[in-house]
Amino acid sequence: MKKLIIFDTTLRDGEQAPGNSMHSSEKLEMALQLEKLGVDVIEAGFAASSSGDFASLKEIAERIKNCTVCSLSRCKKEDIDLAYNALKNAAKKPRLHLFLSTSPLHMQYKLKMSEQQVLDLIRSSVTYARTLFEDVQFSCEDATRSERNFLVNAINTAIECGASTINIPDTVGYSYPEEMKDLFRFLLSSVKDADKVNFAVHCHNDIGLAVANTLAAIEAGATQAELTVNGIGERAGNAALEEVVMALNVRKDFYLTETNINTRQIYPSSQLLSSITGVKIHPTKPLVGKNAFLHESGIHQHGVIANRATYEIISPESLGIIQNDIVLGKHSGKHAFKDFLEGMDVRVSNEELNILFARFKEIADKKKYVTYKDISYLITHTNTTQVEKKFSLLNYGITTICGSAMANITLHTKDGVKADTCTGDGPLDAAFKTINRIIGVEFKLEDWSVNAITEGKDAVGAATLRLSYNGAEATGRGISTDTVEASIRAYLNGCNKLLDILGD
Ligand code: KIV
Ligand code: ZN
């Protein structure tokens, strides 16, 4: 069996895609989940891109103990220095990820540099980076559209100067599997010290081939795969971590490759990411979509009842999808609740436990049975570990008359209790306007959705929304058996995060 290094770029390539931006507390929450998932490297951001990214990389690097934390960096001394300052106190030896384009198109139009200038810049940047980092990765951006002999020169230069991982990105998702296989075979036999470094593959999904291209490169000898949870990333996204890992797992007989991934953390990771970003998972998304294990046709159902293997190649349980349902009720005590969280591999402080237990009790009072699914949403939507709650809900009332609504909202604020009333086009419009008036900021609602977590009329609703103000954006999450209350909670969560981002 060959060992494949899993390099996760959910928090960098994934997060930089529109609609996926995360607050630093959410990035940390996701990084801790990636650590549980068992990825080897977490690319947690791009230190030079913003002060927020710098601070978040620093925090993640100091908290994560079992994965290498990595920052992206352009071939610029200032970028390398910033990445070094963000990662120098990392709990585990950090990695710097340098990149520079090597395709004729990028060199001529984007870099406006000759081949020689590109080689010189690779030499000086990798050499300088190695004075600060032991572990340096070099990526030939747009590698799959680069001229092959020049690509070999660029890689030889990076290795000579001390890079220990060479990444071959299909930056624009242009390649096809046979071509990818051929490129890796060519590079592994042409690059001077190819056997002394790791070769990584990084594929984009512009024509839907990212996973197939990644697997083709692995077949041809790639020793690292760069992936994202749910396949999020620039444009059509990156190769989905869950798909590549499970393809290797299910077809071990063919790929003869293993990873350190704990597959039981695949579904929890996918759900956490979706609830953080508010980006829904398509029902037919392999492995983690709602329909991935549903058998609708009678013939299939009949087969699955007789023997699951007739139509299922993977068990949902092996991905961490818990099928059992009724778990706790209103008589369950704090002890049982804590045990249940521990069973889900969720460890919380006493303070967090008190907050979660209080919200659990509120829901259990209104709902006969509280399910595993309800509790996992309760955790992701209660935001115990997130930003300071400058504003929290004390109570609310809504009256509607012929389509127009009036909201009366009372908030707990750092200056005491404040209440106000506004009218609006509907209950939520009235509620959100009232909150804006109490806080004194015109937050703008960009996106909003409510999901019923389980079936039935007492189902719990999980609201996710996106707010903006002055160019900054944040996601808000809230949960309740009442969808209006879930939305108000989500709105307040978004407001608190935006105020934190804006430094108010
Ligand atoms: O797709 C790409 O080329 C990248 C590089 C920065 C590695 O993300
Ligand atoms: Zn990329």
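Modeller: Helix 16 (residues 372–382) is largely enclosed by the rest of the structure, because nine of its 11 residues are buried, where buried means under 20% relative accessible area, exposed over 50% and partly exposed in between, with a 1.4 Å probe and protein chains only. Helices (H or I, at least four residues) and strands (E, at least two) are DSSP runs, numbered from the N terminus. The buried residues of helix 16 are Y372, D374, I375, Y377, L378, I379, T380, H381 and T382. This is a predicted model, in which local features need pLDDT of at least 70 and side-chain atom pairs count only at pLDDT 80 or more, while totals for chains, interfaces and linings use all residues. Residues are numbered from 1 along each chain as its sequence is written, chains are lettered from A and ligands numbered from 1 in the order in which they are written, and side-chain values use heavy atoms, with hydrogens and water left out.

Burial also applies to A158, which lies in helix 7 (residues 148–160) and has a relative accessibility of 0%. Leaving aside neighbours within four places in sequence, A158 is in contact (heavy atoms within 4.5 Å) with I122, V126, F138, A163 and I166.

Turning to the ligands, the zinc ion (ligand 2) is coordinated by D13 (OD), H202 (NE2) and H204 (NE2), at 2.0 to 2.1 Å; donors are N, O and S atoms within 2.8 Å of the metal (3.2 Å for Na, K and Ca), and since water is not among the atoms, sites may look incomplete. Along the chain these donors follow the spacing D-x188-H-x1-H. H202 is buried, with a relative accessible area of 5%, and H204 is buried at 4%.

Oxygen atoms of ligand 1 lie 2.7 Å from an N or O atom in the side chain of T171, 3.1 Å from a polar side-chain atom of H202 and 3.0 Å from one of H204. The protein covers 93% of the 260 Å² of accessible area that ligand 1 has on its own, by the Shrake-Rupley method with a 1.4 Å probe; for residues, only the protein chains shown count as cover.

Notes. Polar contact = N/O pair within 3.5 Å; in protein donor to acceptor, adjacent residues only side chain to side chain.
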